[in-house]
Amino acid sequence: MKDIYSAPFALGMINAERRMDSKGWCERNSGNISCLVAEEEAREYIDTSKIIRTIPIGFDASPLAERLLIVTASGSYFSNHSFDDLGIIRISADGKTAEVIWGFEGGKRFTSELPAHLMSHIERLKVDPENRVITHCHPTNLMAMSFLHELDEKAFTRTLWGTCTEGIMVFPDGVGILPWMVCGTEDIGRATAEKMKQYRIVVWAMHGIYAAGRTLNEAVGLIDTVEKAAQIYMLTSSLPHKNCISDENLISLADHIGVSYRKDFLG
Ligand SMILES: [Zn+2]
């Protein structure tokens, strides 16, 4: 059996943590990631038939029954870049428990945001069967923007598209927005998953962001682009503007690269 510390899915998690931490998006223990792993791939590194212990999930995750996920631990600091803060779980056949098959040493458990992650995975997989990643963190400028900007999805998306030329190319589906809610609850999990039916980015106003992607690279890159657009907004919103990216500019760019974007978010 190969060394799990060389497994692309484990190294990918550490690399994503490092990138998110280096951006200042994950103060203390605020970031969390979950990534679906193919059982055949995991079997090259661990005995997937051995269940170390089980942890109740707290809701019915049966659409993910028998699926494996590598998940960050509750309370883990991304700044530590530590394999000790990772675990691999399998969702039980009845969808009610997480079977720990690797990691979470010393009685650790998965992130308290797991309900929001699993519910989001369930919804994203219906839209994109290749989606594998859900992640949450606290991008500084996006959080700041959510204090200043109206929390209307069309207006918020249009502002982000208008401050970063790449925006409409990278998140043509726009951004979903939730009002401030208590985090770590089933309610915010369900609300996030509902938004994930339409969006790969869900802004938790005055808190942070949820992002989905087919790969860790894609999910982190998505946040990076949204955060850059929010940064430009924060740098320029209080100053007189002499130039702007117009609707016509965005339409011609989207047409040029052939991207299908939310046309109702322009005009
Ligand atoms: Zn948070």
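Mentor: Two strands pair if DSSP finds at least two bridges between them. Strands (E, at least two residues) and helices (H or I, at least four) are DSSP runs, numbered from the N terminus. This is a predicted model, in which local features need pLDDT of at least 70 and side-chain atom pairs 80 or more, while totals for chains, interfaces and linings use all residues. Residues are numbered from 1 along each chain as its sequence is written.

Trainee: What makes β6 and β9 a pair?
Mentor: Strand β6 (residues 133-137) and strand β9 (residues 208-213) share five bridges, in the antiparallel sense. At least two are required, so they count as paired. Within this pair, V133 stands opposite G213 of β9.

Trainee: Why are β2 and β7 said to stand at the edges?
Mentor: The open sheet of nine strands runs β2-β5-β4-β3-β1-β6-β9-β8-β7, with mixed pairing. Both β2 (53-56) and β7 (176-178) have a single partner strand, so one side of each lacks a neighbour in the sheet.

Trainee: Which domains are there, and how do you know that they touch?
Mentor: An automatic or database domain assignment supplies the bounds: domain 1 covers 1-112 and domain 2 covers 138-259. Their C-alpha centres lie 27 Å apart. Contact requires C-beta atoms, placed from the backbone, within 7 Å; 14 residues from domain 1 and seven residues from domain 2 take part.

Trainee: Which element gives the largest share of domain 1's side?
Mentor: Helix α1 (residues 8-22) does, with five residues.

Technical notes: Two residues are in contact if their C-beta atoms, placed from the backbone, lie within 7 Å.
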